[in-house]
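Morning, everyone. I have one model to walk through today, so let me put it on the screen.

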Amino acid sequence: YIDVMFLCDEWKSSKGGLSSFNREFAVNLAKTTSDSIKVHCYVSQSDKRSRKDAKKHGVNLITARSIPGSCDPIDWLKIPPPELPNPDIVVGHGRKFGTPAYCIVQTAKCKWMHFVHVFCEDLGKFKATQNAAVDTIAENEKKHKSEIALCKAANAVFAVGSRLQQRYSKCLRHVKVERITPGILQKFSNESTQLVKDEAGNKFAVFMFGRDSYEDLALKGYDIVANAIASLGTKFELTFVGSSEGQQRKTEKWFLENSRITREKLTIRSYCNEQDELKMMFHESDVVVVPSRTEGFGMVALEAISAAIPVLVTTESGIAEALHEVEGGKCVIVESDDAKEWAQRIKQLSDQSLEQRENNAKLLRRNYKKTFRWRKECEKFKRMIENLAESSTGMFTNNLSVISWLLLVFSTL
């Protein structure tokens with residue numbers, strides 16, 4: 001068996017994008033390669049429920065031990081776990097988990113596969129700051145350089161989706177950037193979760209999911225959809241799910257001050273980190289929107305597609321690039337950040353019957369699943385793992401040959 005160890009801060013994917021991708025990919029890799037690869041996930045924190053869930057899916061969950069003098073759980077991942085001191089392959093994600101992966105490589109002398117999830121220079125264009133002394137463009141240029149340095153140091157680089165693959169390929173002329181496009185998320189696609197909706201409902205519920213960190217509010221395009229809803233009739237309501245605990249009024253204030261939406265048409269909910277609750281909210285919505293001004297991929301859109309919920313996504317996203325390859329996928333892409341265009345697309349959806357919207361959402365899920373299969377992506381990843389593992393074995397064998405030759409020479413002296 002080849003021991004492959006993923007690095008992440010958690011297993012249960014309560015923090016969204018990166019941890020959701022890590023969990024789904026680890027689960028599907030374990031399912032696809034159980035005959036030749038042992039999949040481990042090294043996390044900075046876990047609970048009994050997470051460990052049980054990982055085991056059920058064939059993944060060995062290892063929890064890092066705290067380091068004296070360090071309060072940062074990410075630091076704890078820099079030391080290989082006693083349970084697996086010498087993995088064959090370590091898998092890191094972005095700047096956050098790339099550095100711990102590098103540290104493990106130095107100790108364990110293993111191979112390193114690195115995933116990129118965002119393109120920092122794109123983010124820097126739209127990130128805001130409350131500190132006049134901070135230049136978000138300069139700050140994200142530094143982050144971009146760090147990401148590039150990690151890519152150059154890794155043994156293999158993977159981008160989540162074709163958008164990021166194209167971006168990083170231009171920056172890494174001498175590094176082949178591979179692509180992994182996530183498939184349908186099984187935990188959201190269970191047909192038994194389908195709920196009966198009232199066709200006669202007189203409201204049209206638009207849902208946005210995200211975080212309310214100040215620097216990301218404009219980046220995520222929340223104001224675009226808020227203005228779109230403001231321009232539509234009283235039938236249309238917006239629910240934003242992503243406020244920090246106890247900060248709902250503060251988040252509401254941002255929307256009221258930065259868009260024309262009124263309090264009557266806006267509902268603010270706290271960030272949701274329970275998947276069952278998230279699924280319920282998906283089915284409470286008539287459409288899930290992802291209006292980001294730039295987005296590396298957009299896992300929340302894929303979660304909604306997996307649940308067969310109607311979506312509208314920004315053209316400036318990795319999920320939009322993927323949907324261009326899916327039959328019928330272009331129909332849910334909004335090619336503008338103009339609130340009028342978003343309002344028009346939301347209105348067009350509301351004019352369809354409930355049955356028509358549900359059938360279209362199910363068809364999109366089916367077509368996406370045909371185009372991007374986890375098995376195919378995992379088999380490609382497996383081949384690269386085996387190639388890296390073989391190169392390590394080859395080096396080890398060559399070193400033994402040299403040592404044997406030297407011993408033979410010295411024995412004849």
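Start at H114. H114 sits in strand β5, residues 111-116. Strands here are DSSP runs of E, at least two residues; helices are runs of H or I, at least four; both are numbered from the N terminus. Before going on, the ground rules. This is a predicted model: local features need pLDDT of at least 70, side-chain atom pairs count only at pLDDT 80 or more, and totals for chains, interfaces and linings use all residues. Residues are numbered from 1 along each chain as its sequence is written, and side-chain values use heavy atoms, with hydrogens and water left out.

Is H114 buried or exposed? Buried, because its relative accessible area is 0%. The cut-offs: buried is under 20% relative accessible area, exposed is over 50%, partly exposed is in between, with a 1.4 Å probe and protein chains only.

What does the H114 side chain make a polar contact with? The side chain of E147, at 2.9 Å. A polar contact is a pair of N or O atoms within 3.5 Å; within protein, one must be able to donate a hydrogen and the other to accept it, and residues adjacent in sequence count only if both atoms are side-chain atoms. Leaving aside neighbours within four places in sequence, H114 also has contacts that include G92, H93, L150, C151 and F158. Contact means heavy atoms within 4.5 Å.

Next, helix α11, residues 299-306. Of its 8 residues, 7 are buried. Among them are M299, L302, E303 and I305. The buried residues pack against several elements, including α1 (17-32), α10 (275-284) and α14 (354-371).

Now backbone angles. Most residues other than glycine have a negative phi. A308 has a positive one, near 60 degrees. A308 lies in the loop between α11 and β12. With a relative accessible area of 6%, A308 is buried. K109 has a positive phi too, near 55 degrees. K109 is in the loop between α4 (94-108) and β5. K109 counts as exposed, because its relative accessibility is 65%.

Last, the whole protein. There are 15 helices and 13 strands. Of the 413 residues, 52% count as buried. The C-alpha trace spans about 95 × 50 × 40 Å along its principal axes. Among contacts with a separation of 6 or more, 68% come from residues 24 or more positions apart.

That's my tour. Over to you.
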